[in-house]
Amino acid sequence: MSDVAEQRNYNLRDEIKAYWSERAATFDLSPGHEIFSEEERAAWHRLIRRHLGEGAGRTALDLASGTGVVSQLLDDLGFRVTGLDWAEPMLERARNKARERRRKISFRLGDAENTMEPDDHYDAVVNRHLVWTLVDPAAAFAEWLRVLKPGGMLLIVDGDFVNTNALERLFSKLGAWGQRAGLLKADTPSGSREMMETHRSILSRVHFSRGARAEDVADLLRKTGFVDIQIDTDLNEIHRTQAKNWNVFKALARKSQHRYAIRASKPSN
Ligand SMILES: C[S@@+](CC[C@H](N)C(=O)[O-])C[C@H]1O[C@@H](n2cnc3c(N)ncnc32)[C@H](O)[C@@H]1O
């Protein structure tokens with residue numbers, strides 16, 4: 001293929017894939033991605049249990065599994081887990097971690113909008129921090145409904161990373177000032193300046209470019225055919241345990257963000 005044709009065929013999905021492939025090397029260094037305490041792990045377990053119950057050998061598909069953090073939480077709870085991600089470097093890390101921790105989790109390459117999984121197959125479909133970056137969430141939600149068994153459950157954990165409220169802005173400014181003055185613990189860098197610019201550019205072109213508000217995500221799930229939709233904004237316990245990794249203003253800024261879990265079901269036959 002000529003360079004020009006190749007350039008033309010390189011689309012937003014390729015950009016997103018390339019971005020996460022590059023982020024894979026440092027992804028687990030960030031609190032909020034990997035889990036750094038048993039206290040935090042227990043808080044995540046409680047959130048998942050609250051919505052999905054114990055795994056008890058049921059099947060779960062962790063979409064956009066990244067380095068496998070959520071897959072491992074599901075495995076802890078007794079689900080039989082398949083993780084799917086379209087960035088090979090993420091999958092490589094997920095597989096290595098699972099091997100080191102002696103977990104039987106199967107990780108495979110695939111697109112969350114077109115999983116190639118069979119119809120009516122999974123008891124649960126789960127994803128964390130995927131919805132905000134979907135190019136076509138309507139297609140993705142229809143796909144997730146298709147692969148769930150009748151009565152199966154979807155659990156989304158996500159947030160609005162675009163709209164900031166006054167409190168969050170204030171805390172972020174104070175945090176930045178404190179770090180510059182050497183008074184506060186520095187944030188874990190989330191990539192080079194160029195990577196941060198790529199992130200901004202991607203975010204400006206995805207479906208939820210104005211922010212993935214829980215109500216909008218829930219509306220789209222309803223239109224797709226999901227039922228019993230519940231929005232849960234009580235992630236305080238998780239945020240409290242994560243806060244120990246950050247300076248006080250970073251922790252307060254994060255707590256002020258619109259972050260949520262949404263649970264929804266596929267109708268029973
Ligand atoms: C912010 S990371 C979240 C990873 C993981 N869910 C977690 O919470 O630790 C986003 C992940 O989504 C993956 N991703 C984004 N869009 C995807 C898609 N359409 N299909 C599969 N993976 C996707 C990226 O490759 C990346 O690993």
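Ala, Val, Leu, Ile, Met, Phe, Trp, Tyr, Cys and Pro count here as nonpolar, Asp, Glu, Lys and Arg as charged, and the others, Gly among them, as polar. On that basis the shell around the ligand consists of eight nonpolar, five polar and three charged residues. The structure is a predicted model. An open sheet of seven strands and the surroundings of the ligand are described below.

**Ligand shell**

- The ligand is surrounded by 16 residues.
- Ala64, Asp85, Asp111, Ala112 and Arg128 are the closest of them.

**Polar contacts and cover**

- Ala112 places a polar backbone atom 2.8 Å from a nitrogen atom of the ligand.
- Asp111 contributes through its side chain, with a polar atom 3.0 Å from a nitrogen atom of the ligand.
- For Trp86, a backbone N or O atom is 3.3 Å from a ligand nitrogen atom.
- On its own the ligand has 590 Å² of accessible area, and the protein covers 98% of this.

**Sheet**

- The seven strands of the open sheet follow the order E3-E2-E1-E4-E5-E7-E6, and their pairing is mixed.
- Strand E3 (106-109) and strand E6 (227-232) are the edge strands; each has a single partner strand, so one side of each has no neighbour in the sheet.
- From one strand to the next, the twist averages 15 degrees.

**Strand pair E5 and E7**

- Strand E5 (residues 148-160) and strand E7 (residues 258-265) run antiparallel and are joined by eight bridges.
- Leu154 has Ala264 in E7 as its bridge partner.

**Helix on the sheet**

- Helix H3 (residues 38-52) packs on the sheet, where it touches strand E4 (122-128), E5, E6 and E7.
- The direction of helix H3 makes about 140 degrees with that of E5.

Key:
Residues numbered from 1 in each chain as written. Predicted model: local features only at pLDDT ≥ 70, side-chain atom pairs only at ≥ 80, totals over all residues. Heavy atoms only, no water. Pairing = 2+ DSSP bridges. Helix = DSSP H or I, 4+ residues; strand = E, 2+ residues; numbered from the N terminus. Axes fitted to C-alpha atoms, helices over the stretch in contact; angles between N-to-C directions. Contact = heavy atoms within 4.5 Å. Near = heavy atom within 4 Å. Polar contact = N/O pair within 3.5 Å; in protein donor to acceptor, adjacent residues only side chain to side chain. Areas by Shrake-Rupley, 256 points an atom, 1.4 Å probe, with all protein chains shown as cover.
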